[in-house]
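Reader: I'm new to this one and would like a close look at a single part of it. Could you walk me through how some of its helices sit together and what surrounds them?

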Amino acid sequence: MAESSTRFDPLKPAGFVLLLTGWFLVLAALALLTKPAARGAFVAAGLGVESLGLVLVVRSHIAPKPDSMRQEHARPEYIREERN
Amino acid sequence: MILPPGLSDTQTTLCIGALLVAPLACAGLALINSGLGRARSAAHTMTAAMCVVAVAACIYVICGRSWQGFSGEASRTFLIGGKSWNWIGTLSPFLAGIAFDGSPALLAAWLGMIAAGLTGLIPLGSGSERWRLGAICTSTAVLAGWTFPLFAHWAWGGGWLAQLGANYGLGIGYVDVGGSGTIHVVGGLTALTMAWLLGPRRGKFGYDGMPSAIPGHNAVYILFGCLLALVGWTGLNFAGAILFAGVLPGRLALVAVNTLLGATAGGLGAAAMTRVRFGKPDSSLTANGWLGGLVSVSATCAFLPPAAAMLIGLAAGGLVALCVELFELHLDIDDPGGSVSVHAVAGIWGLLAGGALGRFPGGGEGQFLAQVVGVATLIGFVLPMTFGVNWLIERFMGQRVAPDAERQGMDLAELGAGAYPEFVTHTDDFMQR
């Protein structure tokens, strides 16, 4: 099984929630605002929230590097097998 | 953008001709994916590509087209602030109720079958050499039966994105005539999801986390696939421009010129970028740049001046070459086909750049914002949805092959025979890295 699917990282659901929140902000900008400048700013804010969510999701999928991890079990399963 | 009421006989004939060559885009992408993988998985990649196109076409006809619908056909809408938001088509399954007389709705359904197959082929590039055939078919069924048609309804079926112009004065609404977002970003984000869920190939990342190069087995397949894809892409862009933008026959030459310029400039951009970074142009990244150029100009190919198409393609080629390296080195994404960079990144770039540089009817005021809303929807809604769906498939049936099968090669493990039975097998293919 893939390493990413066996390790739970709370950043991942938080990132997806932020992605959806950013999208709702964009929809809200369309529905609630009429002035082009205000609408553009609100859409930009929504995109900013989405970017933050994307960063969290991407970071949650990066395998810990040896320098920062110290624990052998944080490496992908197949690497552990091969080292043994 | 909202569809014109009907098509002339010339438009219908040209659209049929374009749709006849459009499947060559699928053939090109399948060849590219196969060439970028190792020889021991070549037959599996091509078989999986055929299965993907088959499953996508059948599932799209069964239910996908019902959700996608077509402008002016039955759909669900609700009112927000006095504006109608069209969310999903509600047509009968199995193309029931459609008039088989060359109507735009029929041609759009035909285009949808091909587009669903092409969308399904994109994740195959990122998941190749470790993704089980059964799981590929299941994931494709969900993609072609739900994810793709839902977004296609919003962009192509008269949905709320297409209505942004009429409802909120944002240009002519979200424009994506050739499917940069609907096909490529949807497929590219699913490819990213699959790369995350499947994890890297055995031996891709070492103990220190550094990636090792696993070169493709056939550069000729890759580069010939690019040329085939150009023909198919031109057909798709022709058909999309006629069906979703009402482009008149005289303007179709511009679509063809822009498509060709996007591809060629993309290839040159990637060749130049790899020449600068590595000292020599890299053939597989040049091919990826070619495809990235095609993807990026598709969105607004009917509205771009040729110089803008060339600029967008050139930037897309360079961007793709950089992103392939970035994703592998810094984000631990093992994407053998470069699908995420080619389809998701170049698609998003094309949607935004096309919105800024295109010349749209009515002046195009607010057009860029409409494109931004489309991109925000792809990243903020489609990515979580496709991840959730594929995560569920992973939980219920498992998507990755067993470690021994991966070491042996997908051809022998899943199909029982290799693509090149008379080849001498390189022993290092079987060594553990």
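Author: Happy to, and bear in mind that this is a predicted model. Let's start with B:G28, which you'll find in helix α2 of chain B, the stretch covering residues 23–36. Is B:G28 buried or exposed? The cut-off for buried is 20 or more other C-beta atoms within 10 Å, and B:G28 has 27 C-beta neighbours inside 10 Å, so it counts as buried. Leaving out residues up to four places away in sequence, B:G28 touches B:G225, B:C226, B:L228, B:A229 and B:G232. As for B:G117, it is 89 residues from B:G28 in sequence, with 12 Å between their C-alpha atoms.

Now for the core. The largest nonpolar core has 161 residues, and B:A239, B:A241, B:V320 and B:V373 have the most contacts inside it. Helix α8 of chain B, residues 219–245, gives the most to this core, with 15 residues. Take B:A239: setting aside neighbours within four places in sequence, it is in contact with B:C15, B:A18, B:L19, B:A22 and B:L111.

Next, a helix pair in chain B. The axes of α10 (residues 283–298) and α11 (residues 306–330) come within 7 Å and cross at roughly 135°, so α10(B) and α11(B) are oblique to each other. Their crossing is right-handed. On the α10(B) side, the contact includes B:L285, B:N288 and B:G289, while α11(B) brings in residues including B:I312, B:G313 and B:V320. Sorted by type, the residues of this contact are 9 nonpolar, 7 polar and no charged. You've met B:V320 already, among the residues with the most contacts inside the largest nonpolar core.

How values were computed:
Residues numbered from 1 in each chain as written. Chains lettered and ligands numbered in written order. Predicted model: local features only at pLDDT ≥ 70, side-chain atom pairs only at ≥ 80, totals over all residues. Axes fitted to C-alpha atoms, helices over the stretch in contact; angles between N-to-C directions. Helix = DSSP H or I, 4+ residues; strand = E, 2+ residues; numbered from the N terminus. Parallel < 35°, antiparallel > 145°, perpendicular 65-115°, else oblique. Left-handed = near helix turned anticlockwise from the far one by under 90°. Contact = placed C-beta atoms within 7 Å. Nonpolar A, V, L, I, M, F, W, Y, C, P; charged D, E, K, R; others polar. Buried ≥ 20, exposed ≤ 12 C-beta atoms within 10 Å, placed from the backbone. Core = buried A, V, L, I, M, F, W, Y, C linked by C-beta atoms within 7 Å.
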